[in-house]
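Reader: I've got a model open and would like to talk it through. Shall we start with the surface and work inwards?

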Amino acid sequence: MKSAFRNCYLFTLSRSLNPNIPSTLFALHLIPPHSPPSISRPPFRSVSPIASMAGGEPHAPPQLEKQFEDFRAQLEESGTLRDRIRAVVMEIESSTRLIHSGLLLVHQSRSTPEVLEKPKTQIAVLKELYNRLAEIVREIPGRYYRYHGDWKSETQTVVSLLAFMHWLETGTLLLHTEAEETLGLKGSEFGLDVEDYLVGICFMSNELPRYVVNQVTAGDYDCPRKVMKFLTDLHASFRLLNLRNDFLRKKFDGMKYDLRRVEEVYYDVKI
């Protein structure tokens with residue numbers, strides 16, 4: 001618009017200076033420049049290559065579809081099996097809580113037979129539960145360690161409680177074969193894992209410093225000596241193992257502090 005007024009002004013000025021300029025030239029200056037017509041384009045639509053090749057419906061190749069159908073069946077079977085295992089493990093955990101609550105009485109200066117009376121009744125329950133667990137695992141031969149993590153922690157706790165009960169009665173360590181026999185685990189397909197046994201023994205040693213302090217308070221001044229000898233022998237036996245830097249190694253390192261606490265109580269009694 002401004003350019004049209006500017007052209008008109010210039011042309012009027014030129015016409016006043018030169019009246020011989022034709023008027024048609026003035027009309028040409030007033031014609032606006034021509035712009036090309038705009039071209040409308042249809043909206044872009046993305047088309048899936050899979051849908052286009054399959055006639056609009058995505059469809060996996062038969063071989064790929066069969067593979068994932070097999071995966072689905074395996075996962076459903078594994079999930080059902082884990083549910084059955086966890087149901088038994090929950091009962092094992094409930095039984096171990098009853099044993100642990102009964103063993104807490106040992107820190108109240110109760111006699112050993114009185115303390116062990118109720119926990120011993122749960123041993124038969126645990127044996128029956130582990131037999132049920134073994135029957136489930138026998139249905140999947142060769143895949144013991146695939147599901148081992150579902151009862152690993154509970155088994156370590158069971159071993160620690162059984163070992164503590166055995167020590168209260170005999171003053172000696174519960175051996176691996178004795179623990180297997182107590183739980184009825186003699187089969188080759190379902191046994192007591194060695195690492196679970198060792199971790200359970202380390203858990204058991206955590207109870208001994210507290211036991212020593214309470215026994216000395218109750219007047220049993222010979223208890224620190226017996227516990228110190230037991231832990232010293234146990235710690236020396238563990239040192240024969242080439243342990244990696246894993247959970248078992250950390251629990252073994254904790255045994256050193258249990259032994260040190262018992263030694264401090266023993267030295268205090270001697271003084």
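Reader: How much accessible area do L64, F68 and F71 have together?

Author: Keep in mind that this is a predicted model. L64, F68 and F71 form a nonpolar patch on the surface. Together, their accessible area is about 290 Å².

Reader: Is F68 buried, partly exposed or exposed?

Author: F68 sits in helix α4, which covers residues 62-103. Buried would mean under 20% relative accessible area, and exposed would mean over 50%. F68 comes out at 48%, so it counts as partly exposed.

Reader: Let's head inside. Which side chain of opposite charge is nearest to D258?

Author: D258 lies in helix α12, residues 247-270. It's buried, yet it has no salt bridge. A salt bridge needs the nitrogen and the carboxyl oxygen within 4 Å, and the nearest side chain of opposite charge is 4.6 Å away. That side chain belongs to R261.

Reader: With which side chain does the side chain of D258 make a polar contact?

Author: Set aside the neighbours within four places in sequence, and D258 is in contact with S205, N206, P209 and L231. One of these gives a side-chain to side-chain polar contact at 2.7 Å. The partner is N206.

Reader: Zooming out, what percentage of contacts between residues at least 6 apart in sequence join residues at least 24 apart?

Author: The protein chain has twelve helices and zero strands. Buried residues make up 33% of its 271 residues. As for those contacts between residues at least 6 apart, the share joining residues at least 24 apart is 73%.

Terms used
Residues numbered from 1 in each chain as written. Predicted model: local features only at pLDDT ≥ 70, side-chain atom pairs only at ≥ 80, totals over all residues. Heavy atoms only, no water. Patch = residues over 30% accessible without salt bridge, like charges linked within 9 Å, V, L, I, M, F, W, Y side chains within 5 Å. Areas by Shrake-Rupley, 256 points an atom, 1.4 Å probe, with all protein chains shown as cover. Helix = DSSP H or I, 4+ residues; strand = E, 2+ residues; numbered from the N terminus. Buried < 20%, exposed > 50% of the residue type's maximum accessible area, 1.4 Å probe, protein only. Lys, Arg positive; Asp, Glu negative; His and termini not counted. Polar contact = N/O pair within 3.5 Å; in protein donor to acceptor, adjacent residues only side chain to side chain. Contact = heavy atoms within 4.5 Å.
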